[in-house]
Amino acid sequence: HSADAHRTDLMTITRFVLNEQSKHAESRGDFTILLSHIVLGCKFVCSAVNKAGLAKLIGLAGETNVQGEEQKKLDVLSNEVFVKALVSSGRTCILVSEEDELAIVVEPSKRGKYCVVFDPLDGSSNIDCGVSIGTIFGIYMIKDHSEPKLEDALQPGKDMVAAGYCMYGSSCTIPKKGKIYSVNEGNARNWDAPTAKYVEKCKFPKDGSSAKSLRYIGSMVADVHRTLLYGGIFLYPADKKSPNGKLRVLYEVFPMSFLMEQAGGQAFTGKERALDLVPKKIHERSPIFLGSYDDVEEIKALYAEEQ
Ligand code: AHM
Ligand code: MG
């Protein structure tokens with residue numbers, strides 16, 4: 001029982017950002033305030049997720065979201081909480097949520113200079129069985145907040161000023177190469193050649209290395225969290241049924257790609273660096289391969305051979 005096991009001197013996001021802010025004399029604290037409102041949203045969602053069973057929040061809300069998928073009550077609640085927390089921060093001017101078909105333009109009296117793109121509760125098909133789910137967000141700074149435009153949300157991922165996720169339920173560097181691959185193999189019959197070849201190599205490597213293990217939770221936050229900690233690769237490829245994959249560029253692909261690069265890994269769409277993509281629509285989807293640097297190099301090589 002070392003003193004470490006009982007650490008009470010906790011580093012929180014708010015404490016970290018306040019420390020950083022004090023290093024920049026020019027800083028006005030807007031980003032700190034925005035982030036503290038995001039943290040507030042996460043804390044609310046966290047407690048709602050924890051008591052979901054008791055509060056009878058489990059089950060369908062009887063509504064369908066913009067992508068035509070069933071929407072759970074917790075998604076609706078989480079979205080409302082996030083939108084309200086972000087608007088009341090007074091630091092945002094345009095919001096894009098997975099749960100809202102249209103981008104939300106903040107009323108003039110509450111506007112600030114940030115655009116926030118987010119998925120309030122990703123992986124919601126896992127709620128009922130208690131698997132970890134999470135919130136994903138990305139933040140852009142906009143040019144003119146008195147006149148926010150949809151284009152402010154349609155910037156390439158590399159221009160995000162920050163991104164993050166919060167995992168609910170049960171600073172890291174990612175290993176350069178990992179022993180895990182993570183993909184929904186139920187879609188294998190519809191994969192393109194490079195994806196199929198890559199997964200085959202994971203299972204039957206020809207270079208004498210050992211086969212990779214398969215881990216797939218089906219909750220992006222949990223699958224990416226594991227990839228950040230243990231390394232390896234997470235794939236949601238294109239397939240014949242979903243030519244652009246499933247995951248959404250702005251609030252799933254970009255934030256997670258941003259974090260992966262920050263941690264020393266890579267994120268690739270099958271065509272280009274994920275963060276170089278310039279989205280044309282707010283709910284656009286893209287195939288994504290992200291994870292350990294060397295593992296992503298391999299899939300890039302297979303796509304290059306196709307050319
Ligand atoms: P959601 O936004 O409707 O929850 O869908 C996104 C989720 C991701 O968390 C996960 O990576 C993916 O869907 C799993 O999809 P599949 O069930 O097709 O494997
Ligand atoms: Mg989602």
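Start by selecting residues 233-236 and 288-291: these are strands E10 and E12, which pair in the antiparallel sense over four bridges. (Two strands pair if DSSP finds at least two bridges between them; helices, H or I of at least four residues, and strands, E of at least two, are DSSP runs numbered from the N terminus.) Now click on Leu-235 and look across to E12, where its bridge partner is Phe-289. Strands of a sheet pair through backbone hydrogen bonds, either parallel or antiparallel.

A quick note before moving on: this is a predicted model, where local features need pLDDT of at least 70, side-chain atom pairs count only at pLDDT 80 or more, and totals for chains, interfaces and linings use all residues. Residues are numbered from 1 along each chain as its sequence is written, while chains are lettered from A and ligands numbered from 1 in the order in which they are written.

Now select helix H4, residues 193-203, and color Pro-194, Thr-195, Tyr-198, Val-199 and Cys-202, its buried residues. (Buried means 20 or more other C-beta atoms within 10 Å of the residue's own, exposed means 12 or fewer, and partly exposed is in between; C-beta atoms are placed from the backbone.) Look down the axis of H4: the buried residues fall within an arc of 130°, so they line one face of the helix. (Contact means C-beta atoms, placed from the backbone, within 7 Å.)

On to the largest nonpolar core, with 78 residues, where Cys-115, Val-116, Val-117, Ala-153 and Leu-290 touch the most other members. (Such a core is a set of buried Ala, Val, Leu, Ile, Met, Phe, Trp, Tyr and Cys residues joined through C-beta atoms within 7 Å.) Helix H6 (residues 249-262) gives the largest share of this core, nine residues. Zoom in on Ala-153: among the residues it touches are Ile-94, Val-96 and Leu-250.

Last stop, ligand 1: strand E5 (111-122) and helix H5 (220-230) each supply at least two residues of its shell.

Conventions:
Arc of directions from axis to C-beta. Contact = placed C-beta atoms within 7 Å. Lists of a residue's contacts leave out its neighbours within four places in sequence.
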